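In these notebook entries I keep track of what I looked up about the ligand, the pockets and the cavities.

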Amino acid sequence: MERIYLDSASTTRTDDEVIEAMLPFLRENYGNPSSIHSFGKTAKVMMEDARDLIASVAGVSSKQLVFTSGGTESINNALKGIAYHYLGKEKDHIITSPVEHSAVLETTEYLRSKFGFRVTYLKPRQGGAIDPEEALSAVTDKTFLVSLMHANNETGGVTDIRSISEGASLRGVEMFTDTVQSFGKNILDLGSLRSSAAVISAHKIRGPKGIAALYARKGTPVEKFIHGGKQERDLRGGTENIAAIAGFAKAVELAAKRFEEDTARWRALRTMLMLELETAFGDAVIFNSPAEKDQSLPNILNFCFDKGKAVYDEEMLIIMLDLRGIAVSGGSACTSGSHKPSHVLIALGVDERTALGAIRVSFGRENTAKDVAGLVDALKDIVKLR
Ligand code: PLP
């Protein structure tokens, strides 16, 4: 059976060129970057070249990039670092939204319950973006941090971060931006967002898993987050994962080189999928992603079916597609065996049963029109109009 992978927002296939770039740092150049001999120096030079390359693509300074183990770790470190700086000071208020990734939601909840910070959740617009005016009008003289994602991982909805960061900065408020999904999809130049801190996760752009970067602009209060050695400008102790860093840099280089081509192809596939779904299911299909192209990532489309107009088993939809060799994400967060509907779709006002049957398609470099046709054909088998 031919398998179709339509879940690149979860993770991507590691690019062959990335694997090639990593191998020398596993086979021959396996030195520890902190060692002073030639093995160590080779690793160190590669690591700093990798940092420079990533920084130049992201439009930030290399000195402001710290390698971490993933987007989740970067988010934890940024939010906790900023919050700890404000502990015991007058400002105690954080603004975020209910559609953030759990890495942000759980960290802000931890900061609230453990240290007493106050958290405001902004209401998202249809499609998951946050209105800049609403974000800035929630800022008070007690606010020290606004944490909002650039693009939503479930719907692809894009928030106008630049307006919010500029407004936050004028009010003396730090702005953290989760750019895990947007980097390489609708933006490369993270510096242009004007946020205090942002993040790149390699496995979302055909790099290896377990490696990412935290960008913290000069003056952003990020403190040492892993105690041990003096690595990563004394912020994160521990021997660096040099093979992963080499792969990360290659993935960023390729994402930049292929940006125009990839994003144009994804946009075309996304439009094709929307049209084919509308042709097959008419108004029984409901799109949870923003309708306007410029308000959505080019590679993500989230949709569900109107229970009044279509017959399907919402708990089985993803499994039935999987049995046909098609991998997509669903509208449930499977935590400890319980099927809970996605917190993002619930925040967008989708009812629980419909949300459980939601489908998130996210395109990667390999996908073609044939994959779109394969998915729609499978859905025609599984979902019946009333
Ligand atoms: N933020 C967003 C928006 C994501 O989509 C993800 C991963 O799905 C993360 C953060 C976490 O990134 P990582 O998997 O690198 O820890």
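Before sorting any lining by class, I noted that Ala, Val, Leu, Ile, Met, Phe, Trp, Tyr, Cys and Pro count as nonpolar, Asp, Glu, Lys and Arg as charged, and the others, Gly among them, as polar. I also noted that this is a predicted model, in which local features need pLDDT of at least 70 and side-chain atom pairs count only at pLDDT 80 or more, while totals for chains, interfaces and linings use all residues. Residues are numbered from 1 along each chain as its sequence is written, and side-chain values use heavy atoms, with hydrogens and water left out.

Entry on the cavities. The search of the whole structure finds two cavities of 30 Å³ or more, a volume being the space filled by probe spheres set on the points, which are joined across faces, edges and corners. The largest cavity holds about 170 Å³ of space, and its lining of 19 residues has Lys-204, Ile-205, Arg-206, Asp-262 and Trp-266 nearest the centre. By class I found six nonpolar, four polar and nine charged residues in this lining. Helix α9 gives the most to it, with three residues; helices (H or I, at least four residues) and strands (E, at least two) are DSSP runs, numbered from the N terminus. The second largest cavity holds about 30 Å³, and its lining has four nonpolar, five polar and one charged residues.

Entry on the largest pocket. Its volume is about 840 Å³, and of its 35 lining residues, His-101, Ser-102, Asn-153, Glu-154 and His-343 lie nearest the centre. The lining divides into ten nonpolar, 18 polar and seven charged residues.

Entry on the ligand. Where does the ligand sit? I found the ligand in the largest pocket, where sitting there requires that more than half of its atoms lie within 2 Å of the grid points. Around the ligand are 13 residues, with Gly-71, Thr-72, Asp-178, Ser-201 and Lys-204 coming nearest; a residue counts as near if one of its heavy atoms lies within 4 Å. This shell has three nonpolar, eight polar and two charged residues, and helix α4 (residues 71-86) gives the most to it, with three residues.

I then looked up polar contacts, here pairs of N or O atoms within 3.5 Å. A polar side-chain atom of Thr-72 lies 2.7 Å from an oxygen atom of the ligand, and for Gln-181 a side-chain N or O atom is 2.8 Å from a ligand oxygen.

Key:
Polar contact = N/O pair within 3.5 Å; in protein donor to acceptor, adjacent residues only side chain to side chain. 1 Å grid on protein atoms, 1.4 Å probe; cavity = no way out; pocket = protein on both sides within 12 Å on 5 of 7 lines; lining within 4 Å.
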